[in-house]
Amino acid sequence: MAVASMSCVQIGLAASVGLFDRLGAAGTAWLRLAWAGVLLLVLVRPWRVRISRSSLLVCVALGVVTAGLTVLFMAAVQRLPLGTASALEFLGPLGVAVVRGRAAGRWWALVAAVGVLALTEPWHGDADLVGVLLALGAAVCWAGYILLTQRAGDEVSGLNALAISMPVAGLAATLVIAPGTAGRLDGGLVLAGLGLALLLPVVPFSLELLALRRLSAASFGTLMSLEPALAVVVGLVALRQVPGWVPLIGVLLVVAAGIGAERTGARPEPAAGDLPVVEPPRSP
């Protein structure tokens, strides 16, 4: 299920690129978030579950961070190859794993730093600096997303945290992006947005939550570390983005750093009778 989730994420991102010419990166992200919020609100109906005020605030904050993560990453994909953008974005969860892990895990930060240098190749002087900064901004949002999702998952049962945070993300994106984008919509684009929302985030988020009931945090973190490599494959097949040898080595270094950091910084398993640990689903 975790592998199927990652596949949906990357295919959904590759499919979203086709809408950039008509809606732009921000408009495409908004359409996905808006549809995802509506679908989860209708299907899960979170108003049936009572949650505390503090948990509700956590879910709202999670929704705002989700909107920032999605919009920034979609803008980065518009400027960078999918594999490069995914590897840079993965520095967010990698940073959380390194900071929260044991001292031995700190060395993986150096491996990741070398990987980023190989990905961006600053010695050529032709790297898209704006795209790199957008991807790094998405990485920061993903780090916050992880921390907030862990707390929301501990405090709110089932998919209810997701069914609260995603409508908030859709509303935030609507307020910021819709005024300049809604005029370009037509029936075909609206339906395409529905399909994209199912590919990412509705289906993969749900699959990840189900997978996390069967996998340990360390196992799931290791699987998630493979996502930049999967992004390279999808970018090659779907978008004809052929990576050079040096960026490819950079992706492999980031993947290796992610696997190493997750193994040294896994979250402890809950004791019997405790609430289940819910790890974060993938960034949009």
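In what order do the elements of the protein chain run from the N terminus on? In this predicted model, the order is α-α-α-α-α-α-α-α-α-α-α-α. Colour the chain by secondary structure to follow it: there are twelve helices and zero strands.

**The whole chain.** Of the 284 residues in the chain, 49% are buried. Contacts may then be shown across the chain. Among those with a separation of 6 or more, 90% are between residues 24 or more positions apart.

**The cores.** Now hide the surface and select Leu13 and Met166. These two residues have the most contacts inside the largest nonpolar core, which has 65 residues. Then select Leu19, Leu31, Leu189 and Leu196, which are included in a second, separate core of five residues. In soluble globular proteins, nonpolar side chains tend to be buried together.

**Ser165.** Proceed to helix H8, which spans residues 160–181, and select Ser165 within this helix. Is Ser165 buried or exposed? Its relative accessibility is 1%, so Ser165 counts as buried, the cut-off being under 20%. Finally, select Cys59, Leu62 and Gly63. Ser165 touches these three residues, when residues up to four places away in sequence are not counted.

Key
Residues numbered from 1 in each chain as written. Predicted model: local features only at pLDDT ≥ 70, side-chain atom pairs only at ≥ 80, totals over all residues. Heavy atoms only, no water. Core = buried A, V, L, I, M, F, W, Y, C linked by side-chain atoms within 4.5 Å. Buried < 20%, exposed > 50% of the residue type's maximum accessible area, 1.4 Å probe, protein only. Helix = DSSP H or I, 4+ residues; strand = E, 2+ residues; numbered from the N terminus. Contact = heavy atoms within 4.5 Å.
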